[in-house]
Amino acid sequence: MNKDKLIIFDTTLRDGEQSPGASMTRDEKIRIARALELMKVDIIEAGFPIASDGDFESVKAVAKAIKDSTVCGLARAKQIDIERAGEAIRPANSGRIHTFLATSPIHMQHKLRMSPDQVVEAAVAAVRMARRYTDNIEFSPEDAGRSEPDFLCRVIEAVIAEGATTINIPDTVGYNLPHQFGSLIRDLIERVPNSDKAIFSVHCHNDLGLAVGNSLSAVLNGARQVECTINGLGERAGNASLEEIVMAVRTRQDVFDCDSGLDTTQIMNCSRLVSGITGFSVQPNKAIVGANAFAHESGIHQDGVLKARETYEIMRAQDVGWSTNKLVLGKHSGRSAFKSRMAELNFQFDSDGELNEVFSRFKTLADKKHDIFDEDLLALVNEASIENETIKLVSMRVCSETGGVPMATMTLSIDGTEQQAEATGDGPVDASFKAIEKLTAVGAELQLYSVNAITTGTDSQGEVTVRVEKNGQVVNGQGADTDIVIASAKSYINALNKVINHQGRTHPQLGNV
Ligand code: KIV
Ligand code: ZN
């Protein structure tokens, strides 16, 4: 039987970025977009161009860089938003404008202060405006999950008649239950007279932990596009998790009459990349991408899996990319082997200078660590995402002993001049950060500090993410090293360089007023 295509619309770079603290620079967005493209995601929502000049530039840069996936920009149902989104997606091979307007009584009355008739009129006008830029137009009745079905039918029929090609039904506040949301989707498809002219999509939030359940129920009832994010990142409790949806549909082909075209072996790469860049680590028991998702602890389970994997496993770890822990390069590997492995990992160097810099970091790592895995290589580029490094780590010495006060001596190059400072702290990381602050006086506030082991084994590199804030500007910094105190210092310096270069961002506010 020929199955329908389930379109995967990834909104990690837009709704995902709306998670407090999950800010991404333009270059980080491009790297995530390239990883999504490699995974064969159909549509990448790259941002909300009207929110800030930075968001506009990011969407435009992603539209330029991505060739195979459609690149989408979000716009309220307002002329100024639609013009900005249209401009941002102009360089794309295939571009989409996603425009939205709330349709629930509570939003129309309190937020928009618009009557239902005015909402229909504004929604239709927005789609008409968007058609000046593209034929690929998505319309979302925001808070559809709490809207009246009769009114939804009216709005949807009108926007399809005006040229909307995708109708996205958001459960904006994560209020729906799976059986109810599924029957809403079925109802809309059956009752809207021109529903056959558009693809029906869903966008579910996870406030009650039901985003994936609601999305799958919608797919069983006719939705053919799902909006989701890597690791379930997103506003408040997050969005539906891409990896869970894609693997549920793939694993239960006995139930679903559609499938995505995704290369699921790229899932782990995307998951690690997004958690490294945003600093949102993945809980160990998270489905599909958590460290324990394929680990069997109990003796009975281990025995069963050894006899026949299917006794306790419904998916193969390697099908979602867990087997990537393979040795790829070593101490004797040359520049061209390094460059070509990085290209296989979908990382292109912008210049020979950048290649040389990351290659020299690779050589330093290979001297310390015998086995270099793909994950180690990706961590090297995570660190190197700074264009102008004002502050560079020259050397550091940290003393930490039981009963003693930890002390750090830090030598940094600041604007090309070497300077040294000492500081004590509650622990070696605290002492190092204080010494760095003494030298740089950036005055940023540390908001998050997280450490992850990149691979397994005690010689694994520790990857540290820090988030700092200064004057409303929030940035994440990354650093990796086999010594986690050095990794911590590198990540802090990485973040401070971004603050100095103004690579952070303030969060855009969604809303229709
Ligand atoms: O949750 C929501 O309603 C949204 C819309 C912009 C689709 O993110
Ligand atoms: Zn949303």
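Me: On what conventions does the description rest?
Reply: This is a predicted model, in which local features need pLDDT of at least 70 and side-chain atom pairs count only at pLDDT 80 or more, while totals for chains, interfaces and linings use all residues. Residues are numbered from 1 along each chain as its sequence is written, chains are lettered from A and ligands numbered from 1 in the order in which they are written, and side-chain values use heavy atoms, with hydrogens and water left out.

Me: What are the protein donors of the zinc ion (ligand 2)?
Reply: Donors are N, O and S atoms within 2.8 Å of the metal (3.2 Å for Na, K and Ca), and sites may look incomplete because water is not among the atoms. Along the chain the donors follow the spacing D-x187-H-x1-H. They lie 2.0 to 2.1 Å from the zinc ion and are Asp15 (OD), His203 (NE2) and His205 (NE2).

Me: How many residues apart are aspartate 15 and histidine 205?
Reply: Helices (H or I, at least four residues) and strands (E, at least two) are DSSP runs, numbered from the N terminus. Aspartate 15 is in the loop between β2 (7-10) and α1 (26-38), and histidine 205 is in the loop between β8 (199-204) and α8 (211-220). The pair links distant parts of the chain, with a separation of 190 residues.

Me: Is aspartate 15 buried or exposed?
Reply: Buried means under 20% relative accessible area, exposed over 50%, and partly exposed in between (1.4 Å probe, protein chains only). Histidine 205, with a relative accessible area of 4%, is buried. Aspartate 15 has 2% relative accessibility, so it counts as buried.

Me: Which oxygen distance does ligand 1 have to the side chain of threonine 172?
Reply: A residue is near a molecule or strand if one of its heavy atoms lies within 4 Å of it. The residues around ligand 1 include Arg14, Asp15, Thr172, His203 and His205. An oxygen atom of ligand 1 lies 2.9 Å from a polar side-chain atom of arginine 14, and one is 3.0 Å from an N or O atom in the side chain of histidine 205. For an N or O atom in the side chain of threonine 172, the distance is 2.7 Å.

Me: How many salt bridges does the structure hold?
Reply: Side chains of opposite charge can pair when their charged atoms come close. A salt bridge is a side-chain nitrogen of Lys or Arg within 4 Å of a carboxyl oxygen of Asp or Glu. The structure's number of salt bridges is 28.

Me: Which parts does the salt bridge of arginine 84 and aspartate 53 tie together?
Reply: The side chains of these two residues meet at 3.3 Å, N to O. Arginine 84 is partly exposed at 27% relative accessibility, whereas aspartate 53 is exposed at 57%. The pair ties together parts 31 residues apart in sequence, because arginine 84 lies in helix α3 (residues 79-88) and aspartate 53 in helix α2 (residues 53-65).

Me: Where do the two partners lysine 111 and glutamate 142 lie?
Reply: Their salt bridge has its closest N and O atoms 2.8 Å apart. Lysine 111 and glutamate 142 are both buried. Lysine 111 is in helix α4 (residues 105-112), and glutamate 142 is in strand β6 (residues 137-142).

Me: What is the bridge partner of leucine 74 in β5?
Reply: Two strands pair if DSSP finds at least two bridges between them. Strand β4 (residues 70-76) runs parallel to β5 and is joined to it by six bridges. Eight of the eight residues of β5 (residues 95-102) are buried. The partner of leucine 74 is histidine 98.

Me: What is the order of the open sheet of three strands?
Reply: Its edge strands, each pairing on one side only, are β16 (445-453) and β18 (473-481). β16 pairs with strand β17 (residues 462-470) in the antiparallel sense over eight bridges. The order is β16-β17-β18.

Me: What is the phi of arginine 113?
Reply: Arginine 113 lies in the loop between α4 and α5 (116-130). Arginine 113 is exposed, at 68% relative accessibility. Although arginine 113 is not a glycine, its phi is positive, at about 50 degrees.

Definitions and conventions: A polar contact is a pair of N or O atoms within 3.5 Å; within protein, one must be able to donate a hydrogen and the other to accept it, and residues adjacent in sequence count only if both atoms are side-chain atoms.
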